[in-house]
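Here are a few notes to read alongside the coordinates, written as one colleague to another. Please keep the structure open while you go through the points.

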Amino acid sequence: MNAHDGAHHGVERVTLVREPGESDSWWTAYADRLAASGIGGTSREVIEADARYIVDHGIFGAGEPTASRWPATRERRGLVMGAVQSGKTASMLAVAAMALDRGVDALVILGGTRTTLWIQTFERFLGQLDTQPNATRRRLRIPAGEGSELDGSDLSLLYSLSDSGVKRALQRRRPIIAVAMKNTAHLERLGRNLRDVVYPLAMQRDEPFHLLVIDDEADDSSVVDASAEGLDEIDVRRKQIPRRIVDLWESRQQRGETVQANVYATYLAYTATPQANFLQDDTNPLAPTDFVASLRTPGPSGDPVVRESGYRIPDGIRGWYTGGEIYYKALADVPLCLPTDDADPASLVPDAVRGFLVAAAIRLNRSQGRVGPYSARGSRFRSWNEAKAIVIDPMSMLINPSSAKESHFDVADAVIAWAGGHTEDHCDGVNVGAQGRDLGTEGLVRDMDERRDAWVTWLDRYRSGTAKVDELLTLTDPRPVPEAWDVVRRLILEEIAPGTRVAVINSDERADDRPEFSPRRDANGVWCAPANISTIFVSGNVMSRGLTLEGLMTTLFTRSASTPLADTQMQMQRWFGYRGGYIDLCRVLMPRDQLNLFMDYHENDEALRRDVLRAMDSGTVPDLTILQGRTFRATGKIANLRAEPLFPGPRPFVRHMNPAGADGDNLGLVSNLFAGEVLAVPAGSAKRGLLLPDPLSLTDAAGLLERLRYVDHGPGSSGLEASRWQSVANHAQIPATDESLPLYRAPDVEGSRDLGSESPYAIAAYLRLWSAVVSRRVPGLTSTDEPSVRWSLIERDLLVRRQPRFWVGLRFGDGEAVVDGPLTNVAWPVRPMLRRVVEGTNDLDASWGSRNYSGDVIRGDDLFDLVARGIEPQVTPTGARLPGSDGLILFHVVDRFDGHQTIAAGVSVPLGGPDHIRARSGA
């Protein structure tokens, strides 16, 4: 392949040009299929560049097998992060093709936990990658048949391998390829054949044998978690899946290395929701410890040769990925997402169906010359291409009422009854086919006459929405919306509704068949229109992974969860995808609280994606930050998750001190600070202490805390805490040249003790971050207001005004005045505090000192500066300083007896600063 000049940030721009001699390569065959699929040239270049990175830096990141950089276990594990409904399979097959060309000896593609998803993956492999006419001479494939032969096939034969066939493949260097269902029985059978047949014969060859396992939807049943034990039988079987995957290359008698000295294994996880994969303990056998990568998506902005989440394509909006950036940000003012809180619950389903039917009529009106869904039912065509060109593209609606399967049938019956003009008790008489029940029109006619305004409202909504979409996205191609309601009404009653079906998609035996969105042959071999040209789908969990609804325009999402899980609910966003051609007609109806959750999930997802992109440039797998929220968890797949806020709290206190006689640096720091002009507290006696006359800025306050020194605390710039704050800076998109970086500036002390949020260096890093993000719209950040607000929604002027200053005080106590040492240079006599220290440590037994009450207001040491300046404290009911208030750094002089003193420090931090909630595994 030829590469264009201009590589940038490790991304190579390449073209899909076939070189002489490449006609038999796996990649060339797949590249041809990509080109024929209609994917634009720029997108194909990015798919190729990303795949080459994954192959070069991931699968072969340690060199060819036997290279010195391979670990002693002969195993490498990595993860590729995609986006929901973004086309991860295209990348997965590209990586598979390139890896086969690089000479991997065996490829296993794990294609989902459900039969439908497994068959879908298998058929895509056959139709897009295993396409050469001489395929049987190029590889040994299991299962050997077609996709239609998989369901219900004999498992004992499905993955069978003969000695002669494997020996011939090894001798002729033909790869062994398996597309397996992620099911314990399937994996057990495949693993047994690899161990009993393939690996012994590979040992006879006396050469390295490289196995590549690509795990699609790798967060689904592939995460190891100790909480699996004690679950019901089905869940326990699923939790066996990770162990069965590892069995593909390890022996249970000798865990931690491949089954043979010549077997090398690479495990590559693909998922759009990798929270659990990253949060599982990195000693787990499928944890991504060696490499990570993030796929990019096409859209309105971004340079395709720069490694960032999106890239601009010349194809226009039809080629854009329409994900969270479009639904929740770029087109938020249209809006595409409509809160349902004020609607009558009984009217939600009928009104959403009205919206879908009106949108479908508008699409048909725009598709001049194309056959509508009703007329298409009786049409026959000479070829697949003719059917595709003549019939309107599929149009879909999704109603996701709950996870309960019975409710799906109830909702479907209600839709049929309403549209058909009869009661739900008589729905069984409606025409039912393999793809669902016919919608009917009698009830629609009555509703249009009685509630005309409800229908016209949707038409007006689309008309104004289309104009806003064109304006916000600066689109120039006209997309008409009929002015006259009568035109839309006629299209609905004559073409849309009579050609629309209602289908239930779930695991119940009464459910309808898997949707068919492509032209198909009838029993006589004649080409017909797709079965699902216009369909209202009712579904639940089945729609939360892997299954794409083509032409999805209207989604009614009414389900809720008592404990929302970000990764699970993110997968339910079936409205994402490549819907740019009709994005102005897309609407998602859901409660406001659920919409806010999806917006938060998106911001956290973007933050994680930037972390992964940075890790790609660094060539390491750092301690990635997985965000969750105050009202939702990152995942339910990992036990003992704890929430770790960025905000150190309104009153963090550094209780840790140096040993008596070893605090010279900190005593000297305090002495120099308070040797000059000071304010006595109270005036005239300084009985409580001293206050510097001028406050410090956020960054100066951070610098002061960073000057504290300890003999046993100093995590340095390369530990976990430093990595955490580097991740925070990356989330905030702070440029490398910004003077606020690095946020975390701890000294390096060997054997450093972990102080967590009570470390002065962590508190300082927080103050630096606050200063750095005042002018930035940072995804994933919320404010520390009570209640919190999404940081990106707060006006910049308000953020600037609310930046706190920090007063600096020195707290005295009731001890005897200090008569020697550095503190004698302080402007007033220093009397140390008599504070209890935890036995055997150098930690104060408590944090802030006295907390005196005056009326209903607590006037404790955390308000020392306000009392000193005669200002009435303004605090929240929890005692925190209000947003926009000044803060305080208060040094405490603690008597350690025998004439020694040490310094402790408290910080009073106003609300209104930045925060996020990090998910951490472990007790």
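1. A word on the source before anything else: this is a predicted model. Please read each point below with that in mind.

2. I would begin with strand 14, which spans residues 395-400 and is mostly covered, with six of its six residues buried. In a regular strand, side chains alternate between the two faces of the sheet. Here Met395, Met397 and Ile399 point one way, while Ser396, Leu398 and Asn400 point the other way, and all are buried.

3. What are the partners of this strand? Strand 14 pairs with strand 20 (residues 534-539) in the parallel sense, over five bridges. Strand 14 is also joined by five bridges to strand 21 (residues 552-557), again running parallel. To find these pairings on screen, look for Ser396 opposite Thr535 in strand 20, and for Met397 with its bridge partner Thr554 in strand 21.

4. Next comes an open sheet of three strands, in the order 23-35-24 and with antiparallel pairing. Which strands stand at its edges? They are strand 23 (627-628) and strand 24 (642-645); each has a single partner strand, so one side of each is left without a neighbour in the sheet. Strand 24 and strand 35 (residues 917-920) run antiparallel and are joined by four bridges.

5. Now for a helix pair. Helix 23 (residues 720-731) packs with helix 24 (residues 760-773) at an angle of about 10°, and their axes are 11 Å apart. Angles under 35 degrees count as roughly parallel, so helix 23 is roughly parallel to helix 24. On the helix 23 side the contact is made by Glu721, Trp725 and Val728, and on the helix 24 side by Ala762, Ala765, Tyr766 and Leu769. The residues of this contact divide into six nonpolar, no polar and one charged.

6. Last, a single glycine. Gly319 is found in the loop between strand 11 (310-312) and helix 11 (324-330). Is Gly319 buried, partly exposed or exposed? Its relative accessible area is 21%, and buried means under 20%, so Gly319 is partly exposed. Leaving out residues up to four places away in sequence, Gly319 touches Pro298, Ile313 and Tyr578. Arg579 lies 260 residues from Gly319 along the chain, yet the C-alpha atoms of Gly319 and Arg579 are separated by 8.1 Å.

Terms used: Residues are numbered from 1 along each chain as its sequence is written. This is a predicted model: local features need pLDDT of at least 70, side-chain atom pairs count only at pLDDT 80 or more; totals for chains, interfaces and linings use all residues. Side-chain values use heavy atoms; hydrogens and water are left out. Helices (H or I, at least four residues) and strands (E, at least two) are DSSP runs, numbered from the N terminus. Buried means under 20% relative accessible area, exposed over 50%, partly exposed in between (1.4 Å probe, protein chains only). Contact means heavy atoms within 4.5 Å. Two strands pair if DSSP finds at least two bridges between them. Axes are lines fitted to C-alpha atoms, for helices over the stretch in contact, and angles run from 0 to 180 degrees between N-to-C directions. Angles under 35 degrees count as roughly parallel, over 145 as roughly antiparallel, 65 to 115 as roughly perpendicular and the rest as oblique. Ala, Val, Leu, Ile, Met, Phe, Trp, Tyr, Cys and Pro count as nonpolar, Asp, Glu, Lys and Arg as charged, and the others, Gly among them, as polar.
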